[in-house]
Amino acid sequence: MNLASYLVSSNSIRSALINNELPLTSNNIYSEIQTSLLRPIYISSLMANDTFLKDWVIEGEADLDKITRYLTEIQQKYQVASTFLVSAKTRHYYHAKGILKTVSPNVPKDGWFFSMESHPSNYRVDVDANEANRNHLTIFVNHKLHDFEGNFIGVTGLGLDVVNVAEMINRYTESYQRDIYFVDRKGFIKSHHDESMIDTVNILKTPGIASVAQELLDGEDGFLIYERANDTILLSYRYIPELDWFLLVEQPEDVALEPLRRALYFNLLFSAIITLVVLLISGFTVHRFQGRLETLARTDKLTGLFNRQYFDALFAHVLNNVGRHTTRLSLALFDVDNLKAVNDREGHLAGDQYLQSVSLLAREHIRKNDVIARWGGDEFVILLQECDGESAMRLMNNIRQIVESTLNQEGDEIQLSISVGVAEFEANDTCETLLTRADAQLYEAKRKGRNRVEG
């Protein structure tokens with residue numbers, strides 16, 4: 001059964017690689033290349049339709065500073081490797097730093113410009129060395145520039161560093177564990193994670209792939225198989241017209257089948273271990289799901305603060321470690337004065353808004369290591385770490401004054417404020433005893449007329 005399963009599975013994996021996975025990888029990369037070119041094409045189109053650019057060329061290209069400032073601004077604004085303008089009249093090649101050169105039909109490297117006027121599309125994507133940037137390999141988006149009567153007056157556009165394409169190849173190589181690279185129509189490798197192979201290795205002369213290289217370069221897309229060092233290589237390829245390159249995605253068949261072989265060798269012997277792994281994965285999944293539920297359960301929906309259940313757990317943890325990490329700890333318990341009157345007069349929605357405002361003001365004015373939670377109803381609790389009782393009183397009195405001045409206006413019939421009870425941690429205190437003392441101080445603040453801090 002295991003042998004039969006291995007044969008069926010290996011054929012299935014091979015078929016999946018040939019028909020789905022390798023073509024899908026190349027399709028994903030092709031789609032990403034197209035997507036990454038959409039924005040530069042759009043930018044070059046904006047440049048080609050910019051009336052300033054047209055007027056500057058038509059009016060005789062008189063002020064060099066104007067065009068360099070324009071090209072510099074476009075380059076910096078859109079974060080591209082270079083921007084340029086080539087005039088059909090003067091044949092000057094302008095870039096961000098001035099005039100790079102004068103293009104000539106007798107220079108093969110300038111042939112791209114003289115072929116643009118007859119190009120069927122308004123734009124074209126070329127890959128070439130960027131003379132304005134130390135001859136770095138660059139993807140150029142060239143766009144025709146016409147005057148207001150539709151006459152060809154030049155070419156404008158921008159350049160993108162091919163390093164971006166190399167980074168994308170590295171990302172996909174690491175993600176899919178496959179060899180991904182580009183070759184030009186002559187068979188030279190143009191982009192590869194091993195930079196030493198770029199422009200030095202030709203697939204027409206490379207052992208193994210040379211047996212299928214000519215068929216690849218003569219086609220558009222497809223799937224090929226060749227032998228390399230006693231290993232069968234599965235190769236998916238497609239032509240990228242935007243770059244005039246071929247995209248190759250390779251994977252050794254043995255690499256794809258290795259997990260299946262290991263499963264065949266050890267399936268019977270380690271079936272119990274596999275079952276245990278499944279149980280562990282299931283337990284991990286359940287635990288993770290439970291953790292996500294706990295995360296949802298620890299936040300108060302109305303105020304966005306921690307709720308009482310989470311605060312209780314955190315409070316207990318802090319008290320358990322208070323002897324080792326700190327000797328100063330205080331607890332503040334406060335509630336909103338006259339909230340019931342607001343609910344009776346303006347409705348519970350207005351009361352909820354005041355609760356949200358109070359919680360926001362308190363959260364903004366406590367220290368970073370303090371913890372605030374909604375205790376219930378209109379009551380809030382703040383755990384003040386590394387803070388003695390006197391400091392806690394000052395902090396809470398400051399918050400009380402901020403709440404009073406922010407939420408009330410002169411002439412309001414109902415004055416909103418907070419009453420605060422503060423308790424400082426003492427030896428042998430528990431959660432309950434510290435909360436009880438803070439609650440007693442809160443009651444005292446209420447008894448003495450509200451809008452005050454007692455401790």
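This briefing walks through some salt bridges, one arginine and a surface patch in the structure above. The model is predicted, so local features need pLDDT of at least 70 and side-chain atom pairs count only at pLDDT 80 or more, while totals for chains, interfaces and linings use all residues. Residues are numbered from 1 along each chain as its sequence is written, and side-chain values use heavy atoms, with hydrogens and water left out.

**Salt bridges**

- The structure holds 20 salt bridges, each being a side-chain nitrogen of Lys or Arg within 4 Å of a carboxyl oxygen of Asp or Glu.
- One of them pairs Glu386 with Arg328, with the closest N and O atoms 3.1 Å apart.
- This pair links distant parts of the chain, 58 residues apart: Glu386 lies in the loop between strand E14 (379-385) and helix H12 (389-407), and Arg328 in the loop between helix H9 (308-325) and strand E12 (329-337).
- Helices (H or I, at least four residues) and strands (E, at least two) are DSSP runs, numbered from the N terminus.
- Glu386 is partly exposed at a relative accessible area of 34%, and Arg328 is partly exposed at 38%.
- For these labels, buried means under 20% relative accessible area, exposed means over 50%, and partly exposed is in between (1.4 Å probe, protein chains only).
- Asp344 and Lys340 also form a salt bridge, at 3.0 Å from N to O.
- Asp344 and Lys340 sit four residues apart in helix H10 (residues 339-346), so about one helical turn separates them; both are exposed.

**A salt-bridge network**

- Lys448 and Glu444 form a salt bridge whose closest N and O atoms are 3.7 Å apart.
- Lys448 is partly exposed at 40% relative accessibility, and Glu444 is partly exposed at 21%.
- Through salt bridges with shared partners, Glu444, Arg447, Lys448, Arg452 and Glu454 are joined into one network.

**Arg400**

- Arg400 is found in helix H12 and is buried, with a relative accessible area of 10%.
- Its side chain makes a polar contact of 3.0 Å with that of Asn451; a polar contact is a pair of N or O atoms within 3.5 Å, where within protein one must be able to donate a hydrogen and the other to accept it, and residues adjacent in sequence count only if both atoms are side-chain atoms.
- Leaving aside residues up to four places away in sequence, Arg400 touches Ile418, Asn451, Arg452 and Val453 (contact means heavy atoms within 4.5 Å).

**Around Phe266**

- Phe266 is found in helix H7 (residues 253-266) and is partly exposed, with a relative accessible area of 42%.
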